[in-house]
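Please look at the sequence and the structure first.

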Amino acid sequence: MRKLLLATIAIAFGYSAAAPAFAEFNDRNIRVSNGINEDHPVGNGIKAMQACLDQKSGGKLKLTAFWGGALGGDLQATQALRSGVQEAVVTSSSPLVGIIPALGVFDLPFLFANAQEAYTVLDGDFGDMMNEKLEAAGLVNLAYWENGFRNLSNSVRPVTKWEDFEGMKVRVMQNNIFLDTFQNLGANATPMAFGEVFSALETKAIDAQENPYVTIDTSKFFEVQKYVTETNHAYTPFLFLFSKPIFDSYTPEEQAALRECAVVGRDEERKVIQDLNKKSLEKIKEAGLEVNTLSAEEQARIREKSMVVYEKHKAEIGAEVVDAILAKLEEIRK
């Protein structure tokens, strides 16, 4: 009888211990704004993150993604987060430099030699330091996702060294660091709206443009270009940002689940975007373009040549930020 009673108590205790497993989770609809479309690898990341949240919260934490800027542009959405009227946004770092100047560090040229360097820096102490700056601005960065490396296409010549940029008319984003980067290499840097790039390349109004492989592929720039060089001249992360006022109102369990599942989503999104870049590169090669990669020696040479750009923008980014990332990269490369 005593054994039966103990067994009954044990079972009851087991149920009581399991019952609160989801008790610290509330039913929440989390709106996530995106400037990109659902078929972008961010969509895969959102799905993986949701599957993780379903498991951890018993289906109580739900992500509702709004694609293609449906809730406004990335900057507008980010301001809504700071005001506490919207939960989350997945945004590139570049549009937010006006809010957090330190994010301009990711626009610096030839910063990362490869994706693994970027991951080591972003997922480590330096990323934590940047997250503190974001929190001071009312934003919680759950994880660094991937926008990716930008590479060069052109119709003039293969680019194997920085001197090959001389006189080349290169379309760049309206971004002072990008303008200074290509002008420093001897190119004629030309700001231009993205929608005008294909026709400008076709009519030879410009010689070259720079974008990730996926963009070169999907925008069919390979139809009006002859050469592609893997320059890896800029790596832009996506940030999965959450409103700090809203995040602070969540339970510790909800906060932990969001952070952990954003990392699960990050890993999936990075994997998918890497695979997609490889497929896009193969399509570019199949289209008949000549593709080359800058050697490690030339990357180091161009990085040294580009240090004047680092110095020019160091004060506006924050000297401590630029010095910290360069020190970390030096440590990684030893």
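## Helix α6 and its ends

Helix α6, which spans residues 176-184, is mostly covered, since seven of its nine residues are buried (under 20% relative accessible area, with exposed meaning over 50% and partly exposed in between, for a 1.4 Å probe and protein chains only). The buried residues of α6 are Ile177, Phe178, Leu179, Asp180, Thr181, Phe182 and Asn184. Helices (H or I, at least four residues) and strands (E, at least two) are DSSP runs, numbered from the N terminus.

At the start of α6, the backbone nitrogen of Ile177 has a side-chain oxygen of Asn175 within 2.9 Å, while just after the helix Gly186 takes a positive phi of about 95°.

## Basis of the model

The model is predicted, so local features need pLDDT of at least 70 and side-chain atom pairs count only at pLDDT 80 or more, whereas totals for chains, interfaces and linings use all residues. Residues are numbered from 1 along each chain as its sequence is written, and side-chain values use heavy atoms, with hydrogens and water left out.

## Aromatic rings

The structure holds nine aromatic pairs, a pair being rings of Phe, Tyr and Trp (its six-membered ring) with centres within 6.5 Å, counted as stacked when the planes are under 30 degrees apart, edge-to-face when over 60 and tilted for the rest. One of them joins Phe149 and Tyr235 edge-to-face, at 5.0 Å centre to centre and with 65° between the planes. This pair links distant parts of the chain, with Phe149 in strand β4 (residues 139-154) and Tyr235 in strand β8 (residues 227-243), 86 residues apart; Phe149 and Tyr235 are both buried.

Elsewhere, ring pairs link Phe106, Phe126 and Tyr144 into a cluster.

## Nonpolar cores

In soluble globular proteins, nonpolar side chains tend to be buried together. A nonpolar core is a set of buried Ala, Val, Leu, Ile, Met, Phe, Trp, Tyr and Cys residues joined through side-chain atoms within 4.5 Å. The largest such core has 36 residues, and those with the most contacts inside it are Val105, Phe106, Phe112, Met130 and Ile325. Elements that give two or more residues to this core include α3 (74-83), α4 (115-122), β4 and β8, and the largest share, five residues, comes from α4.

Apart from this core lies another, of 27 residues, among them Leu63, Trp67, Val140 and Phe242.

## Two loop residues

Glu87 is placed in the loop between α3 and β3 (88-92) and counts as buried because its relative accessibility is 10%. Its side chain is joined to that of Arg31 by a polar contact of 2.8 Å (a pair of N or O atoms within 3.5 Å; within protein, one must be able to donate a hydrogen and the other to accept it, and residues adjacent in sequence count only if both atoms are side-chain atoms).

Asn26, found in the loop between α1 (2-18) and β1 (28-34), counts as partly exposed because its relative accessibility is 35%. Asn26 and Gln299 are 273 residues apart in sequence and 50 Å apart in space, C-alpha to C-alpha.
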